[in-house]
Amino acid sequence: MTDSDSSNSDDEMVLDVLFYLPRPRFFRDRSNPLEDFDDFDFKSRFRLSKETFVFLLHLIGNDLRRSTNRSFAIFQLLT
């Protein structure tokens, strides 16, 4: 066995190990844009005013509800 064969084998083994490692967890930013952005920045970012957003949220809020309380971030905006 030559050094290059051993090196290729080691590289393949490392790649196999890396492939089967669990993916790192990704945590989303849970900030509240209504509090974090002023009126101008909010409208620049989301293309509607805060007032329009809150109005629309109240119109469709009941349709967004889930049967579980596991993920309720958007409902905190309703209260």
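Met13 is exposed, at 53% relative accessibility (exposed means over 50% relative accessible area, buried under 20%, and partly exposed in between, with a 1.4 Å probe and protein chains only). This is a predicted model, where local features need pLDDT of at least 70, side-chain atom pairs count only at pLDDT 80 or more, and totals for chains, interfaces and linings use all residues. Residues are numbered from 1 along each chain as its sequence is written, and side-chain values use heavy atoms, leaving out hydrogens and water.

Met13 sits in helix α1, residues 3–20 (helices are DSSP runs of H or I, at least four residues, numbered from the N terminus). Together with Val14, Leu15, Val17, Leu18 and Leu21, Met13 makes a nonpolar surface patch with about 590 Å² of accessible area. Members of such a patch have over 30% relative accessible area and no salt bridge, and their nonpolar side chains are joined within 5 Å; a salt bridge puts a side-chain nitrogen of Lys or Arg within 4 Å of a carboxyl oxygen of Asp or Glu. Areas come from the Shrake-Rupley method with a 1.4 Å probe.

## Aromatic pairs

Now to the rings. Rings of Phe, Tyr and Trp (its six-membered ring) pair if their centres lie within 6.5 Å; planes under 30 degrees apart are stacked, over 60 edge-to-face, and the rest tilted. That rule gives four aromatic pairs. In one of them, Phe19 and Tyr20 have ring centres 4.9 Å apart and planes at 90°, so they meet edge-to-face. Phe19 is exposed at 64%, and Tyr20 is exposed at 66%.

Phe37 and Phe46 are also edge-to-face, because their planes stand at 75°, with centres 6.2 Å apart. Phe37 is partly exposed at 22%, as is Phe46 at 36%. Ring pairs link Phe37 and Phe46 with Phe42 and Phe53 in a cluster.

Technical notes: Patch = residues over 30% accessible without salt bridge, like charges linked within 9 Å, V, L, I, M, F, W, Y side chains within 5 Å. Helix = DSSP H or I, 4+ residues; strand = E, 2+ residues; numbered from the N terminus.
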